[in-house]
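I opened the model and kept notes as I went. The entries follow the order in which I looked things up.

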Amino acid sequence: PTAVVCTSDVIAMVVMKAASELGLQIPRDIAITGFDDIDQAAFLHPSLTTVRQPLKTMAEDLTDLLVVNPRGGRTGAREKRYEAELVIRDST
């Protein structure tokens, strides 16, 4: 493959290690992306391209869903969509 898209930054870190052990140079030989934008992603060598989610907003919305309303019931489930952000770094 020329690229690997991972479902988390931790998995991407493992893929980066494996690629390095195989003698592949990132991103020249293989591009790697993660998902989550954990703090370590920016400090890897090369730094990891990843997708950032608005976790603070998501947590606030989840809290609102779980709070009991004044009439004694829960607020109920509803669909909510969030805009993710591609954080381009050196691994792609």
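**Entry 1: the prolines.** I started at Pro27, which sits in the loop between H1 and S2. I take helices (H or I, at least four residues) and strands (E, at least two) as DSSP runs, numbered from the N terminus. The peptide bond from Ile26 to Pro27 is cis, with omega near 0 degrees. I then went to Pro46, in the loop between S2 and S3. The bond from His45 to Pro46 is also cis. Its omega is near -5 degrees.

**Entry 2: ground rules.** This is a predicted model, where local features need pLDDT of at least 70 and side-chain atom pairs count only at pLDDT 80 or more, while totals for chains, interfaces and linings use all residues. Residues are numbered from 1 along each chain as its sequence is written, and side-chain values use heavy atoms, with hydrogens and water left out.

**Entry 3: the whole chain.** I counted two helices and four strands in the protein chain. Their order along the sequence is β-α-β-β-α-β. Of the 92 residues, 26% count as buried. Buried means under 20% relative accessible area, exposed over 50%, and partly exposed in between (1.4 Å probe, protein chains only). The chain exposes about 6,600 Å². Carbon and sulfur atoms supply 59% of that area. I note the areas come from the Shrake-Rupley method with a 1.4 Å probe, and for residues only the protein chains shown count as cover. I also looked at contacts, meaning heavy atoms within 4.5 Å. Among contacts with a separation of 6 or more, residues 24 or more positions apart account for 63%.

**Entry 4: helix H1.** H1 covers residues 9-21, 13 residues in total. From first C-alpha to last it reaches 18 Å, close to the 18 Å expected at 1.5 Å a residue. The expected span is 1.5 Å times one less than the number of residues. Which residues of H1 are buried? They are Asp9, Ala12, Met16 and Ala19. They lie on the same side of H1, because they cover an arc of only 70 degrees around the axis. The arc is that of the directions from the helix axis to the C-beta atoms. An α-helix has 3.6 residues a turn, so residues three or four places apart point the same way. The buried residues of H1 pack against S2 and S3. On the other side of H1, Val10, Val14, Lys17 and Glu21 are exposed. Gly23 follows H1 and has a positive phi, near 85 degrees.

**Entry 5: the core.** The largest nonpolar core has nine residues: Cys6, Ala12, Met16, Ala19, Ile26, Ile30, Ile32, Ala41 and Leu48. H1 gives the most to this core, with three residues. By nonpolar core I mean a set of buried Ala, Val, Leu, Ile, Met, Phe, Trp, Tyr and Cys residues joined through side-chain atoms within 4.5 Å.

I picked Met16, in helix H1. Met16 is buried, with a relative accessible area of 7%. Not counting residues up to four places away in sequence, Met16 touches Ile26, Ile32, Leu44, Pro46 and Leu48.

Leaving aside neighbours within four places in sequence, its contacts include Pro1, Val4, Ala19, Leu24 and Ser91.

Entry 6: Asp36 lies in the loop between S2 and S3. Its phi is near 135 degrees, a positive value in a residue other than glycine. At 30% relative accessibility, Asp36 counts as partly exposed.

Asp37 lies in the loop between strand S2 (31-33) and strand S3 (50-52). Phi of Asp37 is positive too, near 55 degrees. Is Asp37 buried or exposed? Asp37 is buried, at 14% relative accessible area. Its side chain makes a polar contact of 3.0 Å with the side chain of Arg89. A polar contact is a pair of N or O atoms within 3.5 Å; within protein, one must be able to donate a hydrogen and the other to accept it, and residues adjacent in sequence count only if both atoms are side-chain atoms. Beyond four places in sequence, Asp37 is in contact with Asp9, Thr50, Val51, Arg52, Val87 and Arg89.

**Entry 7: Asp61.** Asp61 is found in helix H2 (residues 55-66). Asp61 counts as buried, at 13% relative accessibility. A polar contact of 3.5 Å joins the side chains of Asp61 and Lys80. Not counting residues up to four places away in sequence, Asp61 touches Lys80 and Tyr82.
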